[in-house]
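This briefing is meant for a reader who is meeting the structure for the first time. Please keep the sequence and the 3D view at hand while reading.

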Amino acid sequence: MTATSTTATTRVIREHDRPLWHRVLVTREMAIIALLALVAIVALTTVRGFAQPITLNYLLLDVAPILLIALPMALIMVTGEIDLSVGSMVGLASVVTGVLTQAGAPFEIAALAALAVGVVGGAVNGFLVTVVGLPSLAVTIGTLALFRGLAVGLLGTTAVTDFPEMWTDLAKAKIAGTTIPYITVPFLVLLVIFVVLLHFTPFGRGIYAIGLSKDAARFSGVHVERTKFILFVLAGVVAAFAGIFFTLRFGSARGDNATGLELQVIAAVVLGGVSVFGGRGQLHGVVAAVLLIGVLSSALRLANVTSDVINIITGGLLVASVVAASLLAWAQRLRAKTGPPFRSTAASTS
């Protein structure tokens with residue numbers, strides 16, 4: 001057994017050595033959920049206009065692309081990989097949808113073509129990482145530029161704005177009797193699928209095993225390369241779907257749509273408790289982190305705080321969460337080295 005797999009095994013044993021209530025409640029994910037509730041309560045009681053129903057509608061519309069893409073991104077990062085190309089894929093899918101619609105294709109065909117582009121883009125990332133063996137960071141930086149270049153090259157500085165009114169209205173429509181937009185329905189469906197996939201299937205257990213130790217996972221029978229390839233394809237197709245929604249919501253297909261979105265997604269995933277080194281993460285923490293950033297940004301905008309200050313506050317929150325996690329890990333390692341308090345032999349054998 002390698003040193004890496006031994007460390008990973010020790011980490012898992014130490015994690016499950018705690019009582020169940022402690023493992024469920026005393027976690028980074030629950031801390032993010034508690035912070036989300038606190039920020040929401042403060043915003044509702046102190047920020048003028050935040051309690052208006054329309055605020056919830058716009059908040060969910062704003063965070064919907066991030067919520068969607070964060071699901072496959074979380075799984076990729078649990079394996080210890082990363083995908084920086086998702087924002088560019090959103091833009092490329094938007095452009096493909098717009099160009100085909102402008103050329104006279106039915107919108108449904110244009111949307112299916114955009115989803116197919118997402119599959120191909122994800123497969124390119126997966127192939128280069130799993131078959132060629134290149135680092136995912138380097139690969140997806142390259143495809144970030146490639147996909148964005150294709151998007152801008154297809155449309156240049158122009159924009160397509162002529163989309164079927166039925167679809168643009170649906171993208172902004174609310175569920176009957178509520179202020180919740182319809183986009184939450186496909187998100188909830190995807191959330192259930194990804195939760196079941198990650199937490200209740202052998203495939204999901206393999207994802208965690210890969211993040212803890214690729215060698216140990218491979219010896220345990222996990223198809224490491226195939227698993228990673230599937231995850232990159234999922235990220236590509238979900239990003240393409242987010243690109244279609246992005247296009248319909250704003251009624252515009254542009255080559256620069258969703259620029260920088262990948263950084264917001266990764267920040268939310270890390271804030272939600274997914275380790276950048278792999279092997280750890282829960283989807284409820286990721287969803288809570290996306291909503292926390294959304295609620296915080298919305299409340300600050302209503303309080304007339306500038307976007308630059310909002311970015312500073314959000315970045316500071318992310319840095320603080322990473323530092324806190326590092327300090328907690330350091331404390332746990334220190335405790336593991338020092339061992340339990342001294343007990344007499346008689347007490348230990350009684």
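In which loop is the place of Thr79? In this predicted model, Thr79 sits in the loop between helix 4 (53-78) and helix 5 (86-102). The points below begin with that residue and then turn to a pocket and a nonpolar core.

**Thr79**
- Thr79 has a relative accessible area of 5%, and because this value is under the 20% cut-off, the residue counts as buried.
- Setting aside residues up to four places away in sequence, Thr79 touches Ile207, Ile210, Gly211, Lys228, Leu231 and Gly278.

**The second largest pocket**
- The second largest pocket has a volume of about 720 Å³, and its lining is made up of 28 residues, of which Ile66, Gln264, Ile293, Ser297 and Arg301 lie nearest its centre.
- Two or more residues of that lining are given by each of helix 4, helix 12 (224-250), helix 13 (261-271), helix 14 (283-302) and helix 15 (307-338).
- Sorted by class, the lining of the second largest pocket comprises 17 nonpolar, eight polar and three charged residues.

**The largest nonpolar core**
- The largest nonpolar core holds 84 residues, and those that touch the most other members are Ile69, Val90, Val265 and Val269.
- Helix 4 supplies the largest share of this core, with 17 residues.
- Val90, when its neighbours within four places in sequence are left aside, is in contact with Ile69, Ala239, Ala242, Gly243, Phe246, Ala258 and Leu261.

Conventions: Residues are numbered from 1 along each chain as its sequence is written. This is a predicted model: local features need pLDDT of at least 70, side-chain atom pairs count only at pLDDT 80 or more; totals for chains, interfaces and linings use all residues. Side-chain values use heavy atoms; hydrogens and water are left out. Helices (H or I, at least four residues) and strands (E, at least two) are DSSP runs, numbered from the N terminus. Buried means under 20% relative accessible area, exposed over 50%, partly exposed in between (1.4 Å probe, protein chains only). Contact means heavy atoms within 4.5 Å. On a 1 Å grid over the protein atoms alone, a cavity is a set of points where a 1.4 Å probe fits but cannot get out, and a pocket is an open set with protein on both sides within 12 Å along at least five of seven lines; lining residues have an atom within 4 Å of a point. Grid points are joined across faces, edges and corners, and a volume is the space filled by probe spheres set on the points. Ala, Val, Leu, Ile, Met, Phe, Trp, Tyr, Cys and Pro count as nonpolar, Asp, Glu, Lys and Arg as charged, and the others, Gly among them, as polar. A nonpolar core is a set of buried Ala, Val, Leu, Ile, Met, Phe, Trp, Tyr and Cys residues joined through side-chain atoms within 4.5 Å.
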